[in-house]
Amino acid sequence: MDERWRKCLGHVPTRGVKMKKKVQVRSPINIALCKYWGKKDEENVLPYTDSISLTLDSFYTDVIIERKEYGNLEFYLNEVLLEGNKKEQILEYMRYIEPDIENMPIRIFSKNTGPTAAGLASSSSAFSALSLALLTFFEKTYSFDELVELSRLGSGSSCRSLLDGFVRWTRKGLVEKLANPPKDLSVIVVMLSKKQKRISSRDAMKIGVETSPYYDEYVMKNQLISDEMAHALKTFDFEKVGLLMEESTALMHKVMDTSSPRVMYPTKDSYLVMNLVKDLRRKGVTSYATMDAGPNVKIFTYENHVEGLMEALKSEGFSSLEVLKPGGKARVISSE
Ligand code: PMV
């Protein structure tokens with residue numbers, strides 16, 4: 001953990017903490033093309049391998065923090081007031097920034113435009129937005145690397161939403177932009193379930209690290225994939241990038257399959273969609289698919305293939321589809 005946030009946990013709450021009246025921050029989700037699955041350093045949230053992602057535009061989190069006249073902190077997630085364990089979990093995170101935050105007269109609203117905890121990276125947008133909003137609200141001075149460290153303490157992948165374009169999060173903890181996506185890149189999200197997953201990715205990846213006999217191989221191969229992908233992104237060699245993405249996806253899901261207990265996020269339908277994309281590719285449709293800690297599938301393609309792909313998906317019975325474009329990065333929308 002960064003010394004700064006560690007110190008924060010230890011310090012005695014001071015009176016007269018600086019606070020803005022109201023801030024609003026928006027952050028997009030990011031989808032990994034090269035996957036992060038497992039922490040080498042649990043405390044500092046450092047991954048075993050580099051990972052690479054892209055933010056997407058229409059699924060994002062808005063965090064609003066505002067001062068109240070009196071009373072204690074209230075935290076609303078998607079308009080529901082958090083209580084009990086759920087509140088405690090988020091408080092634990094926010095104490096990195098203000099140890100006495102629960103006793104402060106503040107209201108926080110965190111709202112996702114996409115489904116929450118359904119393998120659509122809602123935690124990546126949520127924690128990048130929350131960390132930036134808290135630092136802004138409490139008028140902290142911070143560097144980009146400190147923001148990265150704070151964000152990933154909430155959810156590792158969230159630090160990749162702090163930059164736009166193709167972004168790499170390295171084993172050392174650095175977050176860097178590799179390249180801009182082509183303008184006509186599109187991502188179709190095949191929505192198979194909006195239900196919340198039964199096991200968090202945080203817990204599931206820990207089980208993978210500890211029990212999968214395949215984990216070392218994943219680390220070795222996934223690191224090579226990320227190096228190759230970073231190179232292929234420089235000129236946007238879509239075929240290379242897409243095939244590497246599918247390989248990284250398969251490696252991560254093999255770890256899940258060989259974990260004990262077995263972690264099962266994809267469904268039969270997820271694999272049907274993955275195979276349909278491969279079939280269409282053989283017929284000349286530039287498209288590559290990935291899935292994460294949930295059943296929903298994301299298809300990377302070019303704009304001119306979107307219509308054809310949607311028709312093919314619908315004719316197989318997959319009608320809940322969203323078309324997304326590359327997004328921006330976490331940003332402060334207003335601060336007063
Ligand atoms: O950052 P977490 O704990 O939500 O884990 C994210 C893991 C995956 O989404 C499955 C892969 C990734 O690299 O985003």
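How many nonpolar, polar and charged residues are in the shell around the ligand? I counted by class and got six nonpolar, five polar and three charged residues. For this, Ala, Val, Leu, Ile, Met, Phe, Trp, Tyr, Cys and Pro count as nonpolar, Asp, Glu, Lys and Arg as charged, and the others, Gly among them, as polar.

Ground rules. I am working on a predicted model, where local features need pLDDT of at least 70 and side-chain atom pairs count only at pLDDT 80 or more, while totals for chains, interfaces and linings use all residues. Residues are numbered from 1 along each chain as its sequence is written, and side-chain values use heavy atoms, with hydrogens and water left out.

Entry: ligand. I listed 14 residues around the ligand, the closest being Y36, S123, S155, S157 and R160; a residue is near if one of its heavy atoms lies within 4 Å. Domain 1 (2-180) and domain 2 (185-324) each give at least three residues to this shell, with bounds from an automatic or database domain assignment.

I then looked up polar contacts, meaning pairs of N or O atoms within 3.5 Å; within protein, one must be able to donate a hydrogen and the other to accept it, and residues adjacent in sequence count only if both atoms are side-chain atoms. An N or O atom in the R160 side chain is 2.7 Å from a ligand oxygen. Backbone N or O atoms also reach ligand oxygens, at 2.9 Å for Y36 and at 3.4 Å for G156. The ligand taken alone exposes 380 Å², of which the protein buries 92%; accessible areas are by the Shrake-Rupley method with a 1.4 Å probe, and for residues only the protein chains shown count as cover.

Entry: I traced four strands in the order 11-12-10-13, with antiparallel pairing. Strands (E, at least two residues) and helices (H or I, at least four) are DSSP runs numbered from the N terminus, and two strands pair if DSSP finds at least two bridges between them. Strand 11 (287-291) and strand 13 (321-324) each have a single partner strand, so one side of each lacks a neighbour in the sheet. Five bridges join strand 11 to strand 12 (297-302), and M291 stands opposite V297.

Entry: hairpin. Strand 8 (166-169) and strand 9 (175-179) pair antiparallel over four bridges, with V167 opposite K177. Five residues lie between the two strands, and G173 in the turn has a positive phi of about 105°.

Entry: Most residues other than glycine have a negative phi, and most peptide bonds are trans. E139, not a glycine, has a positive phi of about 55°; I found E139 in the loop between helix 3 (122-137) and helix 4 (144-154). The S260 to P261 peptide bond is cis, with omega near 0°, and P261 is in the loop between helix 7 (238-257) and helix 8 (268-282).
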